[in-house]
Amino acid sequence: MDQLVNYLYISAILFSLGLFGVITRRNGIAVLMGVELILNAANINFVAFSRFGGMNLSGHVFSLFVIVLAAAEAAVALAIIITIYNSMQTVNVDDASSMKQ
Amino acid sequence: MSELAFWSVAFVTVASAGMVVFSGQLIYSAIALLFTLLGVAGLYIFLWADFMAGVQVMVYIGGILVLIIFGIMLTHKIVSVKISQSNVQRKLGAVVVGIFLIFLTSSIGDAPWFQMVTTEPSETVRTVGRLLMTKYLLPFEVASILLLGSLIGAAMLSRKEE
Amino acid sequence: MDNIYINSSIVILFLPLLAFIIQIFIGKRLPRQGDWVSISAILITLFLAAYMFISMLSQYDPNFKHESSFMWMDLGDFKIQLGFLVDNITIIMLLVVALISSCTHIFSLKYLEGDIRYSRYYAYLGLFTFSMNGIVLANNLVSMYIFWELVGVSSYLLIGHWFEKDSAANAAKKAFLTNRVGDIGFFIGIMTIFTAVGSFAFTDIFEGVAIGSIEGATLTFAGICLFAGAMGKSSQFPLHIWLPDAMEGPTPVSALMHAATMVAAGVYLSVRIFPLMTPDALLFVAYIGGFTALFAAAIALTQNDIKKVLAYSTVSQLGYMILAVGTGVYTAAFFHLLTHAMFKANLFFGSGSVIHSMHHALHKKHDHKTDPQDMRNMGGFKEKMPITFWSMTISTLAIAGVPFFSGFLSKDAILGGTLSFAQQHPQHFLLPMFGFGAAAMTAFYMFRMIFMTFYGKPQMPELYKDIHESPREMTGPLVLLGSLSIFIFYTLPYFNPFSTHGWFTDLVVAKDSFVPGNISAHEIAEHAHHAHMPALVLSLSVAGLGILVAGLMYLKKSLSADAWANNSGPLYKLSLNKFYFDENYDRFLYQPLMKLADKVAYFDWELYDKYFINGFGRITSWLSDISGKFDFDGIDQGLVDGVGRSAKQVGHSLRNIQTGRIQNYILYVLAGAILMIIIQAV
């Protein structure tokens, strides 16, 4: 609990799981969840480095910005997914490939 | 005691994250994501970041997760509770991500981490607020514009076609 | 340019242009379509010209001359100076232009009332006046040429004023193109002189002629070329064909341009360039003029259209002036220009007045088939239109050469000069015969016109009761110009009706030719003086004869015109059909040219194009086939396509990776990153 590496391991696992989700999930919303996991992993790192780097709160501020970005990203991504669903009746990212050559 | 608490929180976080990724049903993934986010908030508390924990709960769980669940509900028939979903390129993905994880963990383990010893601050909100209003004022404003832009963009994208 | 004469000339020159610009752009929106703009501009011009004229008279100096020039183009050795020349001739001419132009403007008020392009008509009148004044004021050949062309353009625009009529549009085109033929000659002449003398200004050219920088055959050639321009504008044989057709324009325009001023520009040019004409060139000029005078008069004998009679009469009178220039009495030519401008403009205005009232009468009866210009439909108008009748009669007496009228003086001077020329050079006895013959015919056809129009029984009685005198705007100019046909205005301060002696002869004095060896002006005047008496008697008798015959034929009817026409056989038909000039031009000029063009085109196409050009093409095509084969089989297929094909193969196999799935790509990116880490670590 007082060791930096513990947080880093947890963060690494979360990151890898998120990455796996992004790579393998077919459903767009599930992909979005993977992205959220990756962002959370990054946030954990920020806050952890802040805690063990002399309680410099810049790390907190950065993770705040990340949360803001995540919120924006989620909103736009869901809007896109809903639009795709309305026009193609699917949310599977590999089905929604009519823009490919 | 607190060690035990820490490890249980860590376990819940990782386990539910696994559920998020591997669950066959989308709605379960969403529920699992709730626990992951809660776990992360707990980790923040262990990291003396009480304000961040609050923000995590409010924004992630109260905002983003609700949004995601809305998204699920809007894109699937609500009556069929079993919203199944499948994965692609599982094996290849697992191998690559596994190798990646091994790299990460080994480099984390190898690195000579330097830890400063500090005392726990009584509260962090005041300092974070000061930083936001002074050193990070410009990014703060830019972030507000970004939020506005994404709000308009999302509304624009999801409205009904005329 | 602080000279009062130069300054007023500049105002005279540019005021009509200003009126033109105002009229063409906003004329339609002005009250009364802006005719008052043009009229006030021209009246100011007239006032200034009259002022200059009076001050010229008060100076009474034959050598009166003001000149001013400015640099227009300075290209190293090639310098062109433009400028103004104001002397007695210029001032008289300016006054004539301003006077006739003012009359035309006022006359047109009623004549063109309600016309669809009323404001544009006035605009063009302004443009014409501007251009004509430009010609008059030029002190060099270049600016004269510029304004010369501008006059051509405004003439084109005004003849084609009613361009909805095909005949008007064609006449405008014909006038413009025929003028172009002469103008090309004019231009060649200008350039010939410039090459030799190096200047365009009259003064420099005369100096160059005097010191012999240009002489002999070259000078003759240059003179004839310059005269070609005059032939075109003054409608001399063989370029006379456009003037009768130009009668398609509104009658006031005919009076202004095709009687008094524009066609006089050719004569004016001849007068200006007289000092550089060699005897050979002058002989050419004289024969052209004399022949035109006789032959146009012969055509006028039989025409039935009132304006056509006047048109051919104009051609004939211009021939007189040219004849006078050719025989050396060029001041007489200018004198005749002056008097002719007055009485011929008056005759045209008179005919306009007649046509106007015919037109209204026909309009009332809704008769659109009868030609309002045909004299056979008139007759007996004397009582109905007394002012028109009297002013036209005065002018007719003047043109016929009856004493106490202006035409007698000037015509007499010309005939005297011609006669004396023939006395000096008996081999050219034809020239006075042309002159006297034309004089007899002129008297005949002019009185024929008067008798047919104003005397006798009305030919169309049902029309006759609607004929009435024209409004004041039209009779005013008639009265003014009619009175100016009386001799007194030209002989002041003397009152001898049989002598030209007066302010004109005092102020416009013939100058010696600058061509070395030419007969001096004094000698010419001396000879002409001796020939004066016989010429006077002769011209009076031929004029009397002409009037007598006309009276017997058309007034007393004791001689039958039809019988004479039958007896004269083919001559009558020749005259009636204008000597078949248009037809002959068509047959001997246009058709052969068309045929020649066809032949050339045939040669070009069938022989040159098909064998020579296409032959080249075929050889090139054959060569390019070979090189194409080499290119295609060798380079393209082997080298270029080889590269392409191998790239295609590689691409084909690589294509399988490109699934279009973003998740695949992320996986590849991740794998690539791992690969890099491994490489880095090893």
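Student: In this predicted model, where is C:Ser235 found in chain C?

Tutor: The model is a predicted one. In chain C, helix 8 covers 216–233 and helix 9 covers 242–245. C:Ser235 is found in the loop between helix 8 (216–233) and helix 9 (242–245).

Student: Does C:Ser235 count as buried or exposed?

Tutor: A residue is buried if 20 or more other C-beta atoms lie within 10 Å of its own. C:Ser235 has 30 C-beta neighbours inside 10 Å, and therefore it counts as buried.

Student: What is the phi of C:Ser235 near?

Tutor: Most residues other than glycine have a negative phi. C:Ser235 is a residue other than glycine with a positive value, and its phi is near 60°.

Student: Which elements make up chain A, from the N terminus on?

Tutor: Chain A has zero strands and three helices. From the N terminus on, its elements therefore run, under the DSSP assignment of helices and strands, in the order α-α-α.

Student: Where is the place of A:Met55 in chain A?

Tutor: The phi of A:Met55 is positive, near 50°, in a residue other than glycine. Its place is in the loop between helix 2 (28–52) and helix 3 (58–88).

Student: Why does A:Met55 count as partly exposed?

Tutor: Buried residues have 20 or more other C-beta atoms within 10 Å, and exposed ones have 12 or fewer. A:Met55 counts as partly exposed because its C-beta neighbours inside 10 Å number 19.

Student: How many nonpolar residues has the side of chain C that touches chain B?

Tutor: The contact takes eight residues from chain B and six residues from chain C. By class, the side of chain C has no charged residues, one polar residue and, as the number asked for, five nonpolar residues.

How values were computed:
Residues numbered from 1 in each chain as written. Chains lettered and ligands numbered in written order. Predicted model: local features only at pLDDT ≥ 70, side-chain atom pairs only at ≥ 80, totals over all residues. Contact = placed C-beta atoms within 7 Å. Nonpolar A, V, L, I, M, F, W, Y, C, P; charged D, E, K, R; others polar. Helix = DSSP H or I, 4+ residues; strand = E, 2+ residues; numbered from the N terminus.
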